[in-house]
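Have the structure open while you read.

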Amino acid sequence: MLNLLVVDDDAVDLMTVKRGLARAGITHQLTEATNGLEALQLLRDNKVPAERRVVLLDLNMPRMNGLEFLRTLRADPQLASTPVVVLTTSTHENDRREAHRLHCAGYFVKPLDFGTFVDLLTTIDRYWSAVQFA
């Protein structure tokens, strides 16, 4: 069982993630945040259990965007090792490069086709369900 934190300001995208996980039969603990500041607060307040925790992160958000969130997360000794998978609509090379520089565990552009999106969530789930956490 994973503890997933989905960080995305778009209600439709959040619903699509939840529908995709359900369609794939993925039943992990799911917590939602609508921006980086809210996500950091949830993590710091231990509202998302630290054991087997993975963040699915959008980049384009108000208040604190995904890259700002990643910078802040990596600078926090208590949270720095948290795995973050970027799941975004951004195809900008600079966003991808910066996310990798900040040690994201993967960078995926959200597919427009729902079936392809479900396949992507399944792939992400299989990887993180099999990986040995520190």
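## Thr16 and helix α1

The side chain of Thr16 reaches back to the backbone oxygen of Val12, at 2.8 Å. Keep in mind that this is a predicted model. Thr16 has its place in helix α1, which covers residues 11-23.

Is Thr16 buried or exposed? With a relative accessible area of 17%, Thr16 is buried, since the cut-off for buried is under 20%. Leaving aside residues up to four places away in sequence, Thr16 touches Phe114 and Phe117. Val118 belongs to the picture too: Thr16 and Val118 are 102 residues apart in sequence, yet their C-alpha atoms sit 9.2 Å apart in space.

## Helix α2: one face in

Helix α2 runs over residues 36-44, and its buried residues are Gly36, Ala39, Leu40, Leu42 and Leu43. Look down the axis of α2 and these buried residues fall within an arc of 160°, so they line one face of the helix.

What do the buried residues of α2 pack against? Their partners are the strands β1 (3-7), β2 (29-33) and β3 (53-57), along with helix α3 (66-75).

Just after α2 comes Asn46, with a positive phi of about 55°.

## α2 against α3

Two packed helices are described by the angle between their axes and the distance between the axes. For α2 and α3, the axes come within 9 Å and cross at roughly 30°. That makes α2 roughly parallel to α3, as angles under 35 degrees count that way. The crossing of this pair is right-handed.

Which residues make the contact? From α2 it is Gly36, Ala39, Leu40, Leu43 and Arg44, and from α3 it is Phe69, Thr72 and Leu73.

## α4 on α3

Helix α4 spans residues 93-101, and its buried residues are Asp95, Glu98 and Ala99. Viewed down the axis of α4, they fall within an arc of 100°, so they line one face of the helix. These buried residues pack against α3, β4 (84-88) and β5 (106-109). Just after α4, His103 takes a positive phi of about 65°.

How do the axes of α3 and α4 lie? They come within 10 Å and cross at roughly 15°, and the two helices are therefore roughly parallel to each other. The crossing of α3 and α4 is left-handed, whereas that of α2 and α3 is right-handed. In the α3 and α4 pair, Leu67, Leu70 and Arg71 of α3 meet Asp95, Glu98 and Ala99 of α4.

## His28, a buried loop residue

His28 is found in the loop between α1 and β2. His28 is buried, with a relative accessible area of 18%. What does the side chain of His28 make a polar contact with? It pairs with the side chain of Asp125, at 2.4 Å.

Asp125 is also on the list of residues that His28 touches, which otherwise holds Met1, Leu2, Leu4 and Ser129, not counting residues up to four places away in sequence.

## Two loop residues with positive phi

Most residues other than glycine have a negative phi. Asn46 has a phi near 55°, a positive value in a residue other than glycine, and is found in the loop between α2 and β3. At 59% relative accessibility, Asn46 counts as exposed.

Arg63 is found in the loop between β3 and α3. Its phi is positive, about 65°, although Arg63 is not a glycine. Is Arg63 buried or exposed? Arg63 is exposed, with a relative accessible area of 66%.

Key. Residues numbered from 1 in each chain as written. Predicted model: local features only at pLDDT ≥ 70, side-chain atom pairs only at ≥ 80, totals over all residues. Heavy atoms only, no water. Buried < 20%, exposed > 50% of the residue type's maximum accessible area, 1.4 Å probe, protein only. Helix = DSSP H or I, 4+ residues; strand = E, 2+ residues; numbered from the N terminus. Arc of directions from axis to C-beta. Contact = heavy atoms within 4.5 Å. Axes fitted to C-alpha atoms, helices over the stretch in contact; angles between N-to-C directions. Parallel < 35°, antiparallel > 145°, perpendicular 65-115°, else oblique. Left-handed = near helix turned anticlockwise from the far one by under 90°. Polar contact = N/O pair within 3.5 Å; in protein donor to acceptor, adjacent residues only side chain to side chain.
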